[in-house]
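Hi everyone, thanks for making time this morning. I'd like to walk you through one model, so please have a look at the screen.

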Amino acid sequence: MSFPSRLTGALLVLGLASCTSISTNTNYDPSFVQQVAAYRTYSWLPMREGADPKVYNPIIQARVHQAVDHELQSRGYKLAEAGQKADFEIGWHGAINHKMDVDYVNHYYGYGWGPSYDPFYGAGAYGGAGMSTPVVREYREGTLILDIVDTGSNQLVWRGTAQAELSENSDAKKSQELISQAVDKMLKKFPPEPEKQ
């Protein structure tokens, strides 16, 4: 099963930022909704070969597996025994994208302050109304993707995506907690509900 080349980068090496919310999105194949609803057992797809070892390694894989296994098994799904054919398979992937935020600080509205600044009559030493300063912030956005594949047809039937800003100060415990939060938010929408007619 091939995946977009943009997903070959590192994922969650540093952990999702604790002060940043995690945004999630899900998509699914409507023609498989009834079949997905009948799923009871699952297995894991093998880890991608030749991908960035900083992320696609046993440590990160174990964290993702732990989070997904906990969520699915708490809802009655069972991990298939070795050699047993499961109803569906799960694969995970990730990426890091470099982002840039540009904001403009308007001094007239109190962002600048000085002895000659008067909020009622103008900016004084900081310039007139409407004067602003661009503030640029660079950061990295991490993406975690969960794919659910129907075992019988080998078709991708559901995909969940979670994104958040990456933090440089994240230990193993915090990384696990945040991966779990991302997984929990995605899998709340699994299995998909049939569309109302």
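Let me start with a question: leaving out residues up to four places away in sequence, which residues does Gln176 touch? In this predicted model, Gln176 touches Arg63, Gln66 and Ala67. Gln176 sits in helix α3, and it counts as buried because its relative accessibility is 14%, with the cut-off for buried at under 20%. We'll come back to that helix, but let me give you the overview.

The protein chain has 197 residues, and 40% of them are buried. There are three helices and six strands, and from the N terminus on they run β-α-β-α-β-β-β-β-α. Among contacts between residues at least 6 apart in sequence, 82% join residues at least 24 apart. The chain exposes about 11,800 Å², with carbon and sulfur atoms supplying 49% of that area.

A word on confidence. The mean pLDDT of the chain is 76, and 64% of the residues reach 70 or more. Residues 1-19 have pLDDT below 50, and beyond near neighbours in sequence that stretch has 61 contacts in the model. Residues 108-115 are also below 50, and there the model has 16 contacts beyond near neighbours in sequence.

Now back to the helices. For α3, the 16 residues should span 22 Å at 1.5 Å a residue, and the end C-alpha atoms are 22 Å apart, so the two values agree.

Which residues of α3 are buried? They are Ser175, Gln176, Leu178, Ile179, Ala182, Val183, Met186 and Leu187. As you read along that list, keep in mind that an α-helix has 3.6 residues a turn, so residues three or four places apart point the same way. In α2 the buried residues include Ile60, Arg63, Val64, Ala67, Val68 and Leu72.

Ser180 is another residue of α3, and at 28% relative accessibility it counts as partly exposed. Ser180 and Val64 are 116 residues apart in sequence, yet their C-alpha atoms are 7.6 Å apart in space.

Asn57 is in the loop between β2 (41-44) and α2 (58-73). Is Asn57 buried or exposed? It counts as buried, because its relative accessibility is 15%. At the start of the helix, a side-chain oxygen of Asn57 reaches to within 2.9 Å of the backbone nitrogen of Ile59. The side chain of Asn57 also reaches the backbone nitrogen of Ile60, at 3.0 Å.

Phe88 has a relative accessible area of 0%, so it is buried. Phe190, at 2% relative accessibility, counts as buried too.

Phe190 has another partner. Trp158 and Phe190 form an edge-to-face pair, 5.4 Å centre to centre and 70° between the planes. Here Trp158 lies in strand β6 (residues 155-165), so the pair ties together parts 32 residues apart in sequence. Both Trp158 and Phe190 are buried. And the whole cluster? Tyr39, Tyr42, Tyr77, Phe88, Trp158 and Phe190 form one aromatic cluster.

To finish, two spots in the backbone to look at. Most residues other than glycine have a negative phi, and most peptide bonds are trans. Against that background, which two residues does a cis peptide bond join? They are Phe190 and Pro191, with omega at about 0°, and Pro191 is in the segment after α3. Then there is Asn154, which has a positive phi of about 60° although it is not a glycine. Asn154 lies in the loop between β5 (132-150) and β6. Its relative accessible area is 54%, so Asn154 is exposed.

How values were computed:
Residues are numbered from 1 along each chain as its sequence is written. This is a predicted model: local features need pLDDT of at least 70, side-chain atom pairs count only at pLDDT 80 or more; totals for chains, interfaces and linings use all residues. Side-chain values use heavy atoms; hydrogens and water are left out. pLDDT is the predictor's confidence in each residue, from 0 to 100. Contact means heavy atoms within 4.5 Å. Helices (H or I, at least four residues) and strands (E, at least two) are DSSP runs, numbered from the N terminus. Buried means under 20% relative accessible area, exposed over 50%, partly exposed in between (1.4 Å probe, protein chains only). Accessible areas come from the Shrake-Rupley method with a 1.4 Å probe; for residues, only the protein chains shown count as cover. A polar contact is a pair of N or O atoms within 3.5 Å; within protein, one must be able to donate a hydrogen and the other to accept it, and residues adjacent in sequence count only if both atoms are side-chain atoms. Rings of Phe, Tyr and Trp (its six-membered ring) pair if their centres lie within 6.5 Å; planes under 30 degrees apart count as stacked, over 60 as edge-to-face and the rest as tilted. The expected span of a helix is 1.5 Å times one less than its number of residues.
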